[in-house]
Amino acid sequence: MATVNTPDSKIVLVTGAAGGIGGATTRRFLDGGWRVAAVDLRASTIAPEDRVLPITADLTDVGQCRSAVDRAAEWGGRLDAVVNSAGVWTEGASADTTEAEFDRVLGVNLKGLYFVTSAAIPHLVATSGCVVNLSSDAGLQGNAGAAVYCASKGGVTLLTKALALELAPQGVRVNAVCPGDVESPMLHGQAETFGGDDRQAYLDRLLAGYPQGARARFVQPAEVAEFIWFLCQPAAAPITGAAMSIDFGLSAGIV
Ligand SMILES: NC(=O)c1ccc[n+]([C@@H]2O[C@H](COP(=O)([O-])OP(=O)(O)OC[C@H]3O[C@@H](n4cnc5c(N)ncnc54)[C@H](O)[C@@H]3O)[C@@H](O)[C@H]2O)c1
């Protein structure tokens, strides 16, 4: 892939870069002058662009997590941030959950995120870099019918805090962002897969849980990306070990 590589600029590795939040995050960091190693199972769908290296990887495979980080660091000559945005949604009655589905969701959302981060640690120590993990409102509170997804995101929230404590002496910050429902391919895929005949009714039911009432709307991927961008800036130096909601108050309590 022909890319213009400017060795002095910072580099972020974004997983799930072909998706809604990962794509918006890629754009935000490019706008900020960074280079982006764009990792995804579907990296071939990422348009070739200067300062972007698409890397195809199945992050349920630990070997592929490690080689994606190696390729990014080799290309960039450094690694300043990791944004772990690859993820998959599932829902359904726990009595019917298969082992394969449990392993798929935990494999991407938790294991893949952990081993990408693990492989990146030496590079991040070298740059006093940071990690931003995509957790969820479902990583802070239970969602009925989504026990497996909640297990994965609850794991993300707590491993974020544990890693923040572990890596603080080495100057690396680790935070999680916890979005509510984001208007992305994941959300529309959810409605298509689990919404039955009436996808709009599925989406309307989600919005009905928000405190804004008739004013409720979904979070936009660019709004999450802006939050992630801020967390990777020097102004966020005091922020580590945090799991921060961006959800219109969805997880704040009972309406
Ligand atoms: N969309 C929402 O409502 C929402 C809400 C809260 C949290 N999140 C979380 O934010 C993150 C991004 O979500 P999104 O809305 O952008 O979803 P998305 O479906 O648009 O993007 C997810 C990306 O992850 C990639 N991916 C899936 N499995 C992979 C694998 N095995 N290896 C490599 N890449 C893989 C997909 O190809 C896709 O491009 C996810 O972790 C998700 O759980 C999303």
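A: Let's start with α4, which covers residues 147-167: that's 21 residues, reaching 30 Å from the first C-alpha to the last, close to the 30 Å expected at 1.5 Å a residue. The expected span here is 1.5 Å times one less than the number of residues. Helices are DSSP runs of H or I with at least four residues, strands are runs of E with at least two, and both are numbered from the N terminus.

Keep in mind that this is a predicted model, so local features need pLDDT of at least 70 and side-chain atom pairs count only at pLDDT 80 or more, while totals for chains, interfaces and linings use all residues. Residues are numbered from 1 along each chain as its sequence is written.

Back to α4: its buried residues are Val148, Tyr149, Cys150, Ser152, Lys153, Val156, Thr160, Leu163, Ala164 and Leu167. Buried means 20 or more other C-beta atoms within 10 Å of the residue's own, exposed means 12 or fewer, and partly exposed is in between, with C-beta atoms placed from the backbone. An α-helix has 3.6 residues a turn, so residues three or four places apart point the same way. The cover over the buried residues of α4 includes α3, β5, β6 (173-179) and β7; contact means C-beta atoms, placed from the backbone, within 7 Å.

Ser128 sits in the loop between α3 (99-127) and β5 (130-134), and its phi is near 50°, positive although the residue isn't glycine. Ser128 counts as partly exposed because it has 13 C-beta neighbours inside 10 Å. Phe248, in the segment after β7 (243-246), also isn't glycine and has a positive phi, near 55°. Phe248 counts as buried, because 21 C-beta neighbours lie inside 10 Å.

As for α3, its axis and that of α2 (residues 62-76) come within 9 Å and cross at roughly 35°. Axes are lines fitted to C-alpha atoms, for helices over the stretch in contact, and angles run from 0 to 180 degrees between N-to-C directions. On the α2 side the contact is made by Val62, Cys65, Arg66, Ala68, Val69 and Ala73, and on the α3 side by Gly112, Phe115, Val116, Ala119, Ala120 and His123.

Note on methods. Two residues are in contact if their C-beta atoms, placed from the backbone, lie within 7 Å.
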